[in-house]
Amino acid sequence: LSPLSITYALGMLNNGAGGQTQQEINTVLGFDDVAAQNEFCQKITNGLLTAGYTDNTTKAILSNTIFVNKGCGYELQQDFTHTVNNYYYAYPQSRDFNDGETRGVINQWASDHTEGMVQEVLSEQEFDRNAVDYLLNATYFKGMWSRPFEIENTTDKPFAGGEKVPMMGQRIQTTYAENNLYQTVSLPYGNGTYNMQVFLPREGKTLDEVIESLNGKNWKISGDVCEVDLNLPRFETDTDQDLIGVMSALGMPSAFSPYEADLSLMLVGDDDEDDYVGMMKQVAKIKLDEKSLD
């Protein structure tokens, strides 16, 4: 799950929202107003670009776009388009969703902006030819380990007391910390601009217990540099998650209600009070091996 990707998608949407809908999105994203949210997203994007210049062993990209259904007569308001251009570098594409090609174009955009990692973001069953628009964010990261694992050291070992999986191994000098719930190490990529934080629950403790103990202040661990005997599974995993229930529970239910949503700042000449978010989902994939993480 990428909370940052959700922030960008909702950030674009929020510029087209008004009233209670906008207030709820502000609260869920943790901003006082839309202007602060826009400045944050632009700052992060520019920061990633700057980091890319200083470390060519890592690649981090945030991409945004909007597909608008001109086949149903929809058009975005000029102010809305200007804002998403300026802060999110998103350039809306106007298409007839009944042309038989739009779903493929959307999926190709997702693939192009994730280096082929996510090849389908909308299935044929999910694609709605009568939708107003689709707002998309693609977040891509590839990091080369500062100290790669030696492939010859990868052997099949039981993982968490279960079946055997390819386990990468090395002794590494890195930041290490521990408490009664977990052990954790920080694994740097490239020149150390980016790091992976790995948490291992103590025996008898669960992932849920570890997650419950973390918050916005203590998730970034400051430990000591130690020599660590590290065993890490090589793996590849993907998820496809419906986020409507999650985001509603976090405090923004009105955006998903045809009777309560206020997206009046998004469309030109829109007299339809039934505009709402009918689908919100995230597709994510992680591939981790001896040399890098994608």
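## Ground rules

Residue numbers start from 1 along each chain as its sequence is written, and side-chain values rest on heavy atoms, with hydrogens and water left out. Because the model is predicted, local features need pLDDT of at least 70 and side-chain atom pairs count only at pLDDT 80 or more, while totals for chains, interfaces and linings use all residues.

Helices (H or I, at least four residues) and strands (E, at least two) are DSSP runs, numbered from the N terminus. Buried is under 20% relative accessible area, exposed is over 50%, and partly exposed sits in between, using a 1.4 Å probe and protein chains only.

## The nonpolar cores

A nonpolar core here is a set of buried Ala, Val, Leu, Ile, Met, Phe, Trp, Tyr and Cys residues joined through side-chain atoms within 4.5 Å. The largest one has 48 residues, and L10, L187, M196, M247 and M280 touch the most other members. Helix α1 (residues 3–14) gives the most to this core, with five residues. Leaving out neighbours within four places in sequence, L10 is in contact (heavy atoms within 4.5 Å) with I25, L29, M247, M252 and M280.

There's also a second, separate core of twelve residues, with F67, I106, W109 and Y134 among them. As background, nonpolar side chains tend to be buried together in soluble globular proteins.

Helix α3 covers residues 34–54, and its 21 residues should span 30 Å at 1.5 Å a residue; the expected span is 1.5 Å times one less than the number of residues. Its end C-alpha atoms come out 31 Å apart, which agrees. The buried residues of α3 are V34, Q37, N38, C41, Q42, T45, L48 and A51, and they pack against α1, α2 (19–29), β1 (58–69), α4 and β7 (194–201).

Over in α2, the buried residues are T21, E24, I25, N26 and L29. These pack against α1 and α3. Just after α2 comes G30, with a positive phi of about 85°.

## A pocket and a cavity

Both kinds of space come from a 1 Å grid over the protein atoms alone: a cavity is a set of points where a 1.4 Å probe fits but cannot get out, a pocket is an open set with protein on both sides within 12 Å along at least five of seven lines, and lining residues have an atom within 4 Å of a point. Grid points are joined across faces, edges and corners, and a volume is the space filled by probe spheres set on the points.

The second largest pocket holds about 170 Å³ of space. Its lining is L1, P3, I6, T7, V28, L29, L243, V246, M247 and L250, with α1, α2 and α7 (244–250) each supplying at least two residues. As for cavities, the structure holds one of 30 Å³ or more. The largest cavity has about 50 Å³ of space and is lined by W145, S146, R147, F149, Q170, I172, L187, P188 and L230.

## Two buried polar residues

S292 sits in strand β11 (residues 292–293) and counts as buried because its relative accessibility is 4%. Its side chain makes a 3.5 Å polar contact with that of K142. A polar contact is a pair of N or O atoms within 3.5 Å; within protein, one must be able to donate a hydrogen and the other to accept it, and residues adjacent in sequence count only if both atoms are side-chain atoms. Not counting residues up to four places away in sequence, S292 touches K142, G143, M144, W145 and K287.

T83 belongs to helix α4 (residues 78–88) and is buried too, at 18% relative accessible area. The T83 side chain reaches the backbone oxygen of D79 at 3.0 Å. Leaving aside neighbours within four places in sequence, T83 is in contact with N15, N38 and Y88.

## Loop residues

Y89 is in the loop between α4 and β2 (93–95), where it takes a positive phi near 50° without being a glycine. Y89 is partly exposed, at 35% relative accessible area. A160, in the loop between β4 (155–158) and β5, also isn't a glycine and has a positive phi of about 55°. A160 is exposed, at 73%.

G204 lies in the loop between β7 and α6 (207–213) and counts as exposed, at 72% relative accessibility.
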